[in-house]
Amino acid sequence: MTKVYIIHENEEWTASLKKALKDLEVPFEDWHLSEGTVDLQTEPPEGIFYNRMSASSHTRGHRFAPELTAAMLTWLESHGRTVLNDSRALTLELSKVIQYERLKQFGIRTPDTVAAVGKDQLIKAAKNFPAPFITKHNRAGKGLGVMRFDDAKTLERYVSGGQFDDSVDGITLLQQFIDAPQKTITRCEFIGGTFFYAVQVDTSEGFELCPAEACEIGEGACPTTESEAARPKFEIIDRFNSPLIEKYEAFLAANGITFAGIEFIEDADGTAYTYDVNTNTNYNPQAEAKAGKFGMKAVAAHLKQELALLLHPASR
């Protein structure tokens with residue numbers, strides 16, 4: 001049977017998608033690539049292949065899942081299969097350096113950034129970098145490794161101590177700190193390559209900003225629920241409009257990305273800096289219920305449409 005194939009490494013993050021596919025009676029198969037094989041002597045099945053591999057897979061014990069996925073996508077694409085979030089998207093998912101350089105090609109501003117390998121090189125770069133600044137992992141997720149430093153000496157003490165947390169790919173980013181007066185960032189969600197909605201995210205309690213309900217790992221760590229006294233952590237913006245949307249859509253189309261969340265932050269002058277492209281996007285259930293918009297349902301509907309076009313190409 002020709003079906004949708006979900007390529008991923010996290011069962012919790014696909015549960016809502018599977019439910020939405022079942023509700024729409026879309027046949028699908030789960031390909032969990034925490035480990036596995038790719039037989040290059042065989043042809044892949046016919047179908048629609050949806051890549052949801054995450055840059056943070058190593059935090060769940062799946063260190064080489066992205067590498068296995070890269071081999072899988074190469075195999076699929078060499079046989080002409082339809083891959084949504086293809087190998088180009090995976091490359092972007094795994095490197096913020098590549099994200100920033102691709103974003104710049106579309107006139108999208110990113111924070112000033114230096115990529116460093118080695119503690120000595122990071123310290124050296126910080127001495128010539130305007131403060132305050134932040135560090136972050138080049139390959140990560142949920143804001144892992146993000147720390148603010150007000151001067152190079154503070155960073156040097158941290159890096160030279162026993163608490164330094166290196167990126168899984170060895171590349172640490174030294175990045176311009178953007179002071180957002182409202183302590184929020186904006187995440188634009190795209191489905192089928194087109195804008196779906198924007199969500200405002202409260203960053204006052206930290207940087208680990210995974211919107212999925214499954215990420216609720218402790219108060220203040222990955223906030224996805226609201227307290228009675230605080231503003232919502234995630235809130236969908238009604239009738240959001242920005243000149244960035246057109247640029248983002250062009251960027252996605254040029255880089256093989258069908259589904260994504262793109263995050264930007266604004267400084268006191270209203271200048272927007274785009275700092276993250278997440279091709280394994282998740283959606284916050286509380287914010288969606290309040291707004292009456294549901295990302296995974298829209299993703300499932302798009303997958304159903306792609307499958308129908310594959311089965312009946314004359315209808316294109």
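How many aromatic pairs does the rule find in this structure? In this predicted model, in which local features require pLDDT of at least 70 and side-chain atom pairs count only at pLDDT 80 or more, totals for chains, interfaces and linings use all residues. Residues are numbered from 1 along each chain as its sequence is written, and side-chain values use heavy atoms, with hydrogens and water left out.

The count comes to 15 aromatic pairs, where rings of Phe, Tyr and Trp (its six-membered ring) pair if their centres lie within 6.5 Å, and planes under 30 degrees apart count as stacked, over 60 as edge-to-face and the rest as tilted. One of these pairs, Y5 with F49, is stacked, at 4.7 Å centre to centre and 10° between the planes. Y5 lies in strand β1 (residues 3–8) and F49 in strand β3 (residues 47–51), so the pair ties together parts that are 44 residues apart in sequence; strands (E, at least two residues) and helices (H or I, at least four) are DSSP runs numbered from the N terminus.

Salt bridges, defined as a side-chain nitrogen of Lys or Arg within 4 Å of a carboxyl oxygen of Asp or Glu, number 19. Among them is the bridge between E29 and K3, whose closest N and O atoms are 3.2 Å apart. Because E29 belongs to strand β2 (residues 28–32) and K3 to strand β1, this pair ties together parts that are 26 residues apart in sequence.

The domain assignment, from an automatic or database source, gives domain 1 (3–93 + 302–311), domain 2 (95–110 + 180–218 + 227–295) and domain 3 (113–176). The C-alpha centres of domain 1 and domain 3 lie 33 Å apart, and their contact (heavy atoms within 4.5 Å) takes seven residues from domain 1 and five residues from domain 3. Between them the two domains bury about 590 Å², 56% of it on carbon and sulfur atoms, buried area being the accessible area (1.4 Å probe) that two parts lose on being put together, summed over both. A55, H58 and R63 supply 54% of the area that domain 1 buries against domain 3, more than any other three residues. One salt bridge is found across this interface.

Two backbone features remain to be described. The peptide bond from A131 to P132 is cis, with omega near 0°, and P132 is placed in the loop between α5 (119–127) and β6 (133–137). K183, although not a glycine, has a positive phi of about 55°, and the place of K183 is in the loop between β8 (171–176) and β9 (184–191).
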